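Hi,

Here is the structure I promised to pass on.

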Amino acid sequence: MATEAAHGAEEGSSLVFHPMDQFIVKPLFGGTEVHWYTITNVTLWMAITVLAIIALMVLGTSGKKQVPSRGQSMAEMAYGFVYKMVEDVTGKDGLRYFPYIFTLFMFIVFANVLGLVPMSFTTTSHFAVTIVLALAVFLTVTILGFVLHGAQFLGLFWVSSAPLAVRPLLAMIEVISYFVRPVSHSIRLAGNMMAGHAVIKVFAGFAAIAAVSPVSILAIVGMYGLEILVAFIQAYVFTILTCVYLKDALHPAH
Amino acid sequence: MATETHEAAGHAAEAAGSAGMPQLDFSTWGNQIFWLIVTLVVIYLILSKVALPRVGAVLADRAGTIANNIAAAEELKQQARDAEAAYEKALANARAEAAAIVEATRAEAAEKLKAATARADEQIAAKAAEGEAAIAEIRAGAMEAAETVARDTAAEIVTALGFSAPEGEIAGAVSARLKG
């Protein structure tokens, strides 16, 4: 590859950072063209995500024990965690959508954590992925709101508790913030994932200098711990925001 | 060589287009979105058909077992409470019975004592009456004897002094003197 050769040449001379190379989408079986059907590293890591979820949620719970094994206990904790979140935020009627929200949560949390495996590819660090996730939530919630409440769903933007004079202004702000939701929802996740991984790569680049390598390695260890936290927190944040948006669709009144 | 230059050109164009961020290389978006949708559908099917019903059933089972055990424990507690109440009641009954027996015994003893006291009083009264009668008799006898002696003595003294008096007069005078 021409770029890699160039990288190699640069590395020979001085310090080089390629923190973003880890995010390049590459076909797995030769060729350079990435068609929509091409099997790429994205495919591989998404497949691993699916397998990991099967391992936890299907194989882990195969015992169906009253007193759970370790695997079953983890699966139950994940279930209980998301179930309670959906119930607390959206109320009992939101539980119909629990399987969808649980799917989102499991995909994001596993993709985030698997992305921390060295040499892996983080699918959730790509805007293409997070924008699809966020748009799916946004469109579902908007359509659901209109289906359930019809035109009354627009009451979400009309703050009836505010003085009449400021209501149009508030309505404008509400509309803008409503349409910004999918943007912030998706960029938050991809941005967090990308930034953490890039920072780790930058520290790894510094490790090439003998004098600073111990510091750099310590920094990588610290960042790695932080990234594990971020992986879970971002999955949690994405899921709870989904619940909040869903609550708006189910109960649009302020 | 031809392919290599083509690749290099492609990468250069790619690099220029994405400004160094593979995330903004829109040529890969279709691929990512396609595989993402496949992945999400697969995960959704696995979770909703297999995993979630299973975990939900296990959790419901466990909640049921726990509720049953708590109910059973509650029942046993109630039984223990009942047993304690029965014990307390039996104890109270026994105490009341004992108190009744004590009371009855005491009353009986008091009755007996009263009867015995009455009998003794009666006997004492009888004895006292008897004694009094004896004393009265003795006293009467003594009075009579003293009167006889006094009459005899008075008669003797009268005779000795050389006087003579009728029998009846002396006896009347002595009797009057003794009474007065």
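**What I found**

Among the contacts in chain A between residues at least 6 apart in sequence, 64% join residues at least 24 apart. Bear in mind throughout that this is a predicted model.

**Chain A overall**

Of the 254 residues in chain A, 31% count as buried.

**Helix H4 and its partner H7**

Start with H4(A), residues 98–114. This helix has 17 residues and runs 24 Å from its first C-alpha to its last, close to the 24 Å expected at 1.5 Å a residue. H4(A) is mostly covered, with 14 of its 17 residues buried.

H4(A) packs against H7(A), residues 213–250, at an angle of about 160°, and the two axes are 8 Å apart. With angles over 145 degrees counted as roughly antiparallel, that is therefore what H4(A) and H7(A) are to each other. The crossing of H4(A) past H7(A) is right-handed.

Which residues in H4(A) meet H7(A)? On the H4(A) side they are Ile101(A), Leu104(A), Phe105(A), Ile108(A), Val109(A), Asn112(A) and Val113(A). Facing them in H7(A) are Ala231(A), Phe232(A), Gln234(A), Ala235(A), Phe238(A), Thr239(A), Thr242(A) and Cys243(A). Sorted by class, this contact has 11 nonpolar, four polar and no charged residues. As background, residues three or four places apart in an α-helix point the same way, because there are 3.6 residues a turn.

**H5 against H7**

H7(A) also packs with H5(A), here at an angle of about 20° and with the axes 8 Å apart. H5(A) and H7(A) are therefore roughly parallel to each other, and their crossing is right-handed. H5(A) brings Val137(A), Val141(A), Leu144(A), Gly145(A) and Leu148(A) to the contact. H7(A) answers with Thr242(A), Tyr245(A), Leu246(A), Asp248(A), Ala249(A) and Leu250(A). The class count for H5(A) with H7(A) is eight nonpolar, two polar and one charged.

**Where chain A touches chain B**

In total, 41 residues of chain A are in contact with 37 residues of chain B. On the chain A side, H1 (2–13), H2, H3, H4, H5 (127–149) and H6 (167–206) each supply at least two residues. H2(A) gives the most, with nine. By class, the chain A side divides into 28 nonpolar, 11 polar and two charged residues.

**Two valines to look at**

Val67(A) sits in the loop between helix H2 (41–59) and helix H3 (70–90) of chain A. Is Val67(A) buried or exposed? It is exposed, because it has 8 other C-beta atoms within 10 Å and the cut-off for exposed is 12 or fewer. From Val67(A) to Ser186(A) is 119 residues in sequence and 39 Å in space, C-alpha to C-alpha.

Over in chain B, Val102(B) lies in helix H2 (residues 29–160). Val102(B) counts as exposed too, since it has 10 C-beta neighbours inside 10 Å. Val102(B) and Trp29(B) are 73 residues apart in sequence and 102 Å apart in space, C-alpha to C-alpha.

Cheers

Conventions. Residues are numbered from 1 along each chain as its sequence is written. Chains are lettered from A and ligands numbered from 1 in the order in which they are written. This is a predicted model: local features need pLDDT of at least 70, side-chain atom pairs count only at pLDDT 80 or more; totals for chains, interfaces and linings use all residues. Axes are lines fitted to C-alpha atoms, for helices over the stretch in contact, and angles run from 0 to 180 degrees between N-to-C directions. Helices (H or I, at least four residues) and strands (E, at least two) are DSSP runs, numbered from the N terminus. Angles under 35 degrees count as roughly parallel, over 145 as roughly antiparallel, 65 to 115 as roughly perpendicular and the rest as oblique. A crossing is left-handed if the near helix is turned anticlockwise from the far one by less than a right angle, and right-handed if clockwise. Two residues are in contact if their C-beta atoms, placed from the backbone, lie within 7 Å. Ala, Val, Leu, Ile, Met, Phe, Trp, Tyr, Cys and Pro count as nonpolar, Asp, Glu, Lys and Arg as charged, and the others, Gly among them, as polar. A residue is buried if 20 or more other C-beta atoms lie within 10 Å of its own, exposed if 12 or fewer, and partly exposed in between; C-beta atoms are placed from the backbone. The expected span of a helix is 1.5 Å times one less than its number of residues.
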